[in-house]
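Please look through the structure shown here before reading on.

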Amino acid sequence: MIPAPIRSLPTHPKGPEMTTPIAESSAPTAARMIIGGEAVEAADGQTFEVVNPATGRVIATAPQGGPVDVDRAVAAAQRAFEDRKGWASWAAGKRGRALAKLAALIKEHTDELAGLESRNVGKPISGARGEVTGAGLVFDYYAGAANKIFGQTIPVSKPGLDLTLREPIGVVGLIVPWNFPLLMASWKVAPALAAGNTAILKPASYSPLTAIRLAELALEAGIPAGVLNVVTGPGGSAGAALAGHLGVGKVAFTGETTTGQEIMRLASGNVKKVSLELGGKSPNIVFADADLEKFARESPYSVFDNTGQDCCARSRILVERSAHERVVELFAEATRKVVVGDPADTATEVGTMVSFKQRDRVKDYIEIGLAEGATLVVGGGEPQDPALAGGAYLMPTVFDGVSNDMRIAREEIFGPVVSIIAFDTEEEALRLANATPYGLSGSIWSRDIGKALRTARGLQSGVISVNSNSSVHTEAPFGGYKMSGIGRELGMSALDLYTEVKNVFIDLS
Ligand code: NAD
């Protein structure tokens, strides 16, 4: 079991004990989208298969939605938004109470949702349960925030009263990835709904199942039909139709940087508001005066957790040269202890990758690292255990002797691979850390608080931790510098992403 504080996403407290077995049903279930409160097929009846990457078996089919389905969902969301007695007109506290009910239902359904997520993306069941708990906490947070969204009174120079109103944008499109499917959905759906918007959620094709259950639970919580719609389908058709739709006022996206760039282009048609949470190549900066044992004990999880499929993965370890040898030794030893295994086993710390395709892509990077002259210290291939032969597993892999210009140090691998790079001075550490187009996360290890703070201030990253891996907190802003994104999710900052500010001047002369 991975203790909560060392995980890179903090919204993973351990969930309640599992009461139902995680069994794979023999017949795949036929999932349906939720549009206007109804469970529906795609307009053309097409479906796609949802596969368990630990077994290669099809566990469900889902509708292959496209532009026509997006049109239907936008129309439903518009009706729900414009309903004069509907969601947007509810007192904020009433919206908050419905979101709190949804949070309670998520908690009640922890076993079911965690089982679905674990089977769908190969996530260890203990981590999946923590994520479901985390998603519930996000809904709880924004349930409480709903009636704390307020404007200002401003002393302008004309005689009168100037005040601002914070208003919902209208219909918002929420496009999420497959690495933390329910959690990423909660980061967007909860603040969007708290502010009074209506939404269309588009999950990744690998992982549509928990998004659909979320919309069903929202209906059960009393959130009116049409307020939360889910369209499943490929990014290139359903996702693109949503990002480009003229009836959508804002698009929030988490995924690859190149997809984010395409979404900005698509959103320009009606100058949609855009917020983006994109890729990363985050550093773990280790100074020689740090508690090296603590660093080595905790840091493997900052890159290997979720099989490295984490935008915040600290995939570059920059270590002061005088501590280099010791850090490699300690980190390698700790990495060998990480428990890779069947996602359904509660002792498993690292399950499979999301798919065989993704696993093969990461294996290619391991070949690239070897060809570039990096030294393989740990891992580098699939597990030896024959019981794991049928799944998309890959062992945690450590490269030493890496230089910052190698591809494995520059590109987001999105798998369990870390590169160790030595530096000589504080200035060089910062120069190496910042020599990337990304700027999402980062950790700094030092007992010298001045040095740690100077480094934190110099690092071009949105979320930084010192002497800890824990850089993401439900209550605090999360987002990236440079090509890692636009905007800040979580905390009260997320509400800025889902509200318009209206200034009203009243003449009192
Ligand atoms: P992806 O960009 O391939 O897909 C993300 C979502 O976008 C999916 O729902 C997909 O169907 C959709 N999509 C794809 N093409 C589209 C298009 N042309 N128009 C509209 N939608 C489209 O990303 P992924 O592979 O699902 O996720 C992995 C990536 O996400 C990594 O780069 C990772 O760093 C990033 N990520 C970032 C954060 C963050 O908060 N910064 C968090 C998690 C993941």
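## The ligand and its surroundings

In this predicted model, an N or O atom in the side chain of glutamate 412 lies 2.5 Å from an oxygen atom of the ligand. Lysine 202 also brings a polar side-chain atom to 2.6 Å from a ligand oxygen, whereas for glycine 235 it is a polar backbone atom that lies 3.3 Å from an oxygen atom of the ligand. The ligand taken alone exposes 850 Å², and the protein buries 90% of that area.

There are 28 residues around the ligand, and those that come nearest are Val176, Lys202, Thr259, Leu278 and Glu412.

Helix H15 covers residues 449-458, and its buried residues are Lys451, Ala452, Thr455 and Ala456. Seen down the axis of H15, these buried residues fall within an arc of 135°, so they line one face of the helix. They pack against helix H14 and against strands E13, E14, E18 and E19, while the face turned away from the buried side carries the exposed residues Ile449 and Arg457.

At the start of H15, the backbone nitrogen of glycine 450 has a side-chain oxygen of aspartate 448 within 3.0 Å.

## Serine 443 in strand E18

Strand E18, one of the elements against which the buried residues of H15 pack, contains serine 443. Is this serine buried or exposed? Serine 443 counts as buried because its relative accessibility is 0%, and buried means under 20%.

The side chain of serine 443 makes a polar contact of 2.8 Å with the side chain of serine 465. Leaving aside residues up to four places away in sequence, serine 443 touches several others, including Pro283, Asn284, Arg314 and Asn469.

Technical notes: Residues are numbered from 1 along each chain as its sequence is written. This is a predicted model: local features need pLDDT of at least 70, side-chain atom pairs count only at pLDDT 80 or more; totals for chains, interfaces and linings use all residues. Side-chain values use heavy atoms; hydrogens and water are left out. Buried means under 20% relative accessible area, exposed over 50%, partly exposed in between (1.4 Å probe, protein chains only). Helices (H or I, at least four residues) and strands (E, at least two) are DSSP runs, numbered from the N terminus. The arc is that of the directions from the helix axis to the C-beta atoms. Contact means heavy atoms within 4.5 Å. A polar contact is a pair of N or O atoms within 3.5 Å; within protein, one must be able to donate a hydrogen and the other to accept it, and residues adjacent in sequence count only if both atoms are side-chain atoms. A residue is near a molecule or strand if one of its heavy atoms lies within 4 Å of it. Accessible areas come from the Shrake-Rupley method with a 1.4 Å probe; for residues, only the protein chains shown count as cover.
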